[in-house]
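Open the structure in your viewer and keep the selection tool at hand.

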Amino acid sequence: MTAHQPDPSPGAAHPDTTGNSAANGGQDGQSRSTRDQASDFQADDTRDNSPRNSGESSPMAGMAADYAAKAGLHRTHDGRVDVLKSAGGVQGIAESILPGLVFLIAFTVTQDLTPSLVAALASAAVFTVVRLVQRRPLTQALAGVVGVGISAWLANTTGKAEDFYLPGFFTNGAYIIAMVISIFVKWPVAGLLFGFIRNEGLDWRKEPTRVRAYQLGTWIIVGVLALRLLVQVPLYLMGPEGLAALATTRLIMGAPLYILGVWIAWLVTRPAAAADAAGSETAPKG
């Protein structure tokens with residue numbers, strides 16, 4: 001999950017855990033961004049009374065820190081997860097939504113697959129140009145172009161407009177499998193991401209209650225991904241009759257649902273001390 005949302009829709013930004021390829025012009029910026037995020041995760045947190053990383057310097061700790069940074073999660077100045085920024089901000093969300101929306105509108109108006117696919121590809125390419133002008137890392141935009149390109153190629157090959165959304169199902173399923181495995185091996189993805197934002201490092205793995213909390217948080221994210229499949233696969237199987245509904249639900253269940261899922265996962269995985277402190281702050285006095 002880029003931490004950008006694990007949205008399987010074409011053009012969506014996914015967690016950059018596999019080193020998505022970027023153009024040479026964006027690699028240096030991406031490296032700096034990753035280093036900056038990694039240092040942010042280990043900065044002092046004055047609001048969250050979670051246990052600190054006790055100097056663990058194992059290779060696994062370094063890998064987990066790097067994963068948390070590359071996943072794109074961000075924290076606010078008071079040590080909380082910045083869900084909107086973690087989803088890519090307004091521009092990142094637009095990059096994940098617009099190509100699919102353009103495809104839907106173009107195909108609805110023209111009923112012609114080829115110009116609709118070209119329009120979707122063009123809209124994804126525009127974001128790459130925008131990032132070049134902004135001198136921002138290109139990873140997310142290029143990943144979007146590649147995703148839309150694969151979806152467009154498949155739809156054009158089969159001649160079925162609904163196949164534009166098919167690759168997303170496989171991506172979604174791969175995330176589910178990876179997260180479920182992380183839960184059962186007791187390295188839940190939510191712990192790897194949230195643990196470094198909370199300055200827990202990998203210390204949470206020493207406490208069974210924290211492991212269970214992060215397993216629950218990961219199950220919540222898995223639930224979001226599974227819900228997408230439960231709703232969208234039947235619409236896909238309806239063929240052309242379900243295309244409009246499929247495209248609409250893909251937009252609704254993309255970034256908005258992901259943001260909600262991450263926020264809920266963050267809340268349910270709060271350490272007890274932090275949760276009690278938050279409760280005492282809101283409790284009526286007297």
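The model is predicted: local features need pLDDT of at least 70, side-chain atom pairs count only at pLDDT 80 or more, and totals for chains, interfaces and linings use all residues. Residues are numbered from 1 along each chain as its sequence is written, and side-chain values use heavy atoms, leaving out hydrogens and water.

Two packed helices are described by the angle between their axes and the distance between the axes.

**Stop 1: α9 and α11**

Select residues 208-237, helix α9, and residues 255-268, helix α11. Helices here are DSSP runs (H or I, at least four residues), numbered from the N terminus. Their axes lie 8 Å apart, at an angle of about 165°. Axes are lines fitted to C-alpha atoms over the stretch in contact, and angles run from 0 to 180 degrees between N-to-C directions. So α9 is roughly antiparallel to α11 (angles over 145 degrees).

Now show the side of α9 in contact (heavy atoms within 4.5 Å): Ala213, Gly217, Ile220, Ile221, Val224, Leu227 and Arg228. On α11, pick Leu257, Tyr258, Gly261, Ile264, Ala265 and Val268. By class, the contact has 10 nonpolar, two polar and one charged residues. Ala, Val, Leu, Ile, Met, Phe, Trp, Tyr, Cys and Pro count as nonpolar, Asp, Glu, Lys and Arg as charged, and the others, Gly among them, as polar.

**Stop 2: α9 and α10**

Select Val231, Gln232, Leu235 and Tyr236 of α9, then Ala245, Leu246, Thr249 and Arg250 of α10: they make the contact.

Conventions
Helix = DSSP H or I, 4+ residues; strand = E, 2+ residues; numbered from the N terminus. Parallel < 35°, antiparallel > 145°, perpendicular 65-115°, else oblique.
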